[in-house]
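Reader: I would like to learn how to read a domain interface. Please start with the terms.

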Amino acid sequence: MKRIIHWFRRDLRISDNKSLYAACRDGDEVIPVYILSSWKRHHPWTGTNRQEFLCGCLRSLAKNLEQIGGRLILRSGSPVKELIELAKETQADAIYFSENYAPYDRKIEERVQKAALAKGIGVQLFKDTVILAPGEVLSQSGQPFRIFTAYARAWHRHRKPEPSPKVSRIATPHQLDSEVMPTLAHWGLKPEAKILPAGEKAARGRLKDFLKSRIYEYARRRNDLCSDVSSRLSQDLRFGTISPREIYASCKKASEECNAVERQGIQSFVNELVWREFYFQILWHFPHVLRQDFRDQFSSVQWDQDPDKLKRWCEGTTGFPIVDAGMRELNATGYMHNRVRMIVAMFLTKDLHLHWRHGEQYFMQKLVDGDIPANNGGWQWSAGTGADAAPYFRIQNPWTQTAEYDPHGGYIKRWVPELRDVKPNRLAKPPEQKLAPDYPLPMVDHYRERAVTLERFRSGAAS
Ligand SMILES: Cc1cc2nc3c(=O)[nH]c(=O)nc-3n(C[C@H](O)[C@H](O)[C@H](O)COP(=O)(O)OP(=O)(O)OC[C@H]3O[C@@H](n4cnc5c(N)ncnc54)[C@H](O)[C@@H]3O)c2cc1C
């Protein structure tokens, strides 16, 4: 009788789950376990919205496992200790799990492997979070890519793995202790935002819905803030309620059945999946990005410390309608459109001169899709300090961005109701007087702050 533990991490699904599939293939009995970590309440990069989504994912996963004869075992504490104890308790032969790429996760993986080896328990790791793993896509000289276009070209040349079949039967040993299914109260938290439904079924529904029509318009309309055509799959990719392989395979199939214009939409969407993997490999090869700028020539740039400015940015009361709409969308839903993420990030770093680290942290606290590689990549891109980042002198103007991407003001009015009666053209230029009695004047002059940023980056880079 062979028993295998499958340790669920950010792969909370039963379809196309390489590790779970292998565990069910190799083991007579499989113990599917999720370990709730105890530090989540304290770390500045954790937040209520992601915990709430996680609770929903676990509920859905437990139900899905039950339907195929299994049972999700929940434990909490240190993964190393819990996994080894569970292996002893069940006399498991091996522990299978999917690899993660952030430095903290890699350390845990190493410790699990070491502890298991010492006890004679086998360990197998699987690639699951990404289509192509960080070490797979390298330059001809074997070096990691720092420029996206070169990385993407190489990524497209690689053969892609096929999704694995859905697990249809799983036998979990009886009489194993499991903690109760967590709710937010488990961490002493209360709901903060109206987030999307969680779980494998919800994720699959979002993909299906996106593939019906929005994907074909993606290239043309993805920056149209009012009628957002994007997939809304980011939290599903973050928690693994759907696999990137499956999304990619669906895109490939759809592109065989459509015309050239529609195919452009699909290609543009796939390009975003490649950006996701680009940032995974940046973090894997250059873990220092979590502590400092990717490009160290900007390490002497002067940043301000101003808690009041940061607070106005976080609350969405800067007096810049597009920035405030984005921040209020984030606070209300745990999500923000990609274009607006760029606008608010540039505003924080280039108009308020606050370090990108403040924004990175606030996003991690609020985003349901908060994911270390993409978030760090997005912030360093916007600040001009990252891999293949926007050059520091290309500073987005929040007023012209509004005119271009929210010309009728629909997005702004949805999130900043004080401005509902203001004519759209007034939302796209600096106002001479208040736009509404209860809406503030812009807290800074964009044109003046732009010049300050240029000067700071020029002198910071030179020193
Ligand atoms: C400052 C900043 C911070 C960000 N933080 C995160 C984060 O914490 N987590 C996160 O998943 N994305 C992050 N992004 C990237 C992007 O904004 C979101 O992935 C996207 O808005 C999610 O919406 P969607 O699923 O509808 O995306 P779609 O436009 O439908 O794209 C499909 C998928 O591709 C990936 N993707 C899209 N754009 C990017 C990108 N620029 N970089 C990396 N992956 C991308 C996501 O997984 C996304 O779900 C950030 C971007 C910026 C500028």
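Author: Buried area is the accessible area (1.4 Å probe) that two parts lose on being put together, summed over both. Domain 2 and domain 3 bury about 1900 Å² between them, with 60% of it on carbon and sulfur atoms. In domain 2, the residues that lose the most area to domain 3 are N223, L225 and Y279, together 37% of what that side buries.

Reader: What kind of model is this, and how are residues numbered?

Author: The model is predicted: local features need pLDDT of at least 70, side-chain atom pairs count only at pLDDT 80 or more, and totals for chains, interfaces and linings use all residues. Residues are numbered from 1 along each chain as its sequence is written, and side-chain values use heavy atoms, with hydrogens and water left out.

Reader: Where do the domain bounds lie?

Author: Such bounds come from an automatic or database domain assignment. Here the assignment gives domain 1 (1-129), domain 2 (130-160 + 200-285) and domain 3 (296-462). Taken over C-alpha atoms, the centres of domain 2 and domain 3 are 26 Å apart. With contact meaning heavy atoms within 4.5 Å, 21 residues from domain 2 and 23 residues from domain 3 take part.

Reader: How many salt bridges cross the interface of domain 2 and domain 3?

Author: Side chains of opposite charge can pair when their charged atoms come close. The rule asks for a side-chain nitrogen of Lys or Arg within 4 Å of a carboxyl oxygen of Asp or Glu. It finds one salt bridge across the interface of domain 2 and domain 3. Elsewhere in the listing, D371 forms a salt bridge with R238, the closest N and O atoms being 3.9 Å apart.

Reader: Which elements supply the domain 2 side that touches domain 3?

Author: Helices (H or I, at least four residues) and strands (E, at least two) are DSSP runs, numbered from the N terminus. The elements giving two or more residues to that side are α5 (148-157), α7 (234-239) and α9 (260-285). Of these, α9 gives the most, with five residues.

Reader: How many salt bridges does the rule count in total?

Author: The count comes to 25 salt bridges. One of them joins E109 and R9, the closest N and O atoms being 2.6 Å apart. This pair links distant parts of the chain, 100 residues apart: E109 is in helix α4 (residues 103-118), and R9 is in the loop between β1 (3-8) and α1 (18-26).
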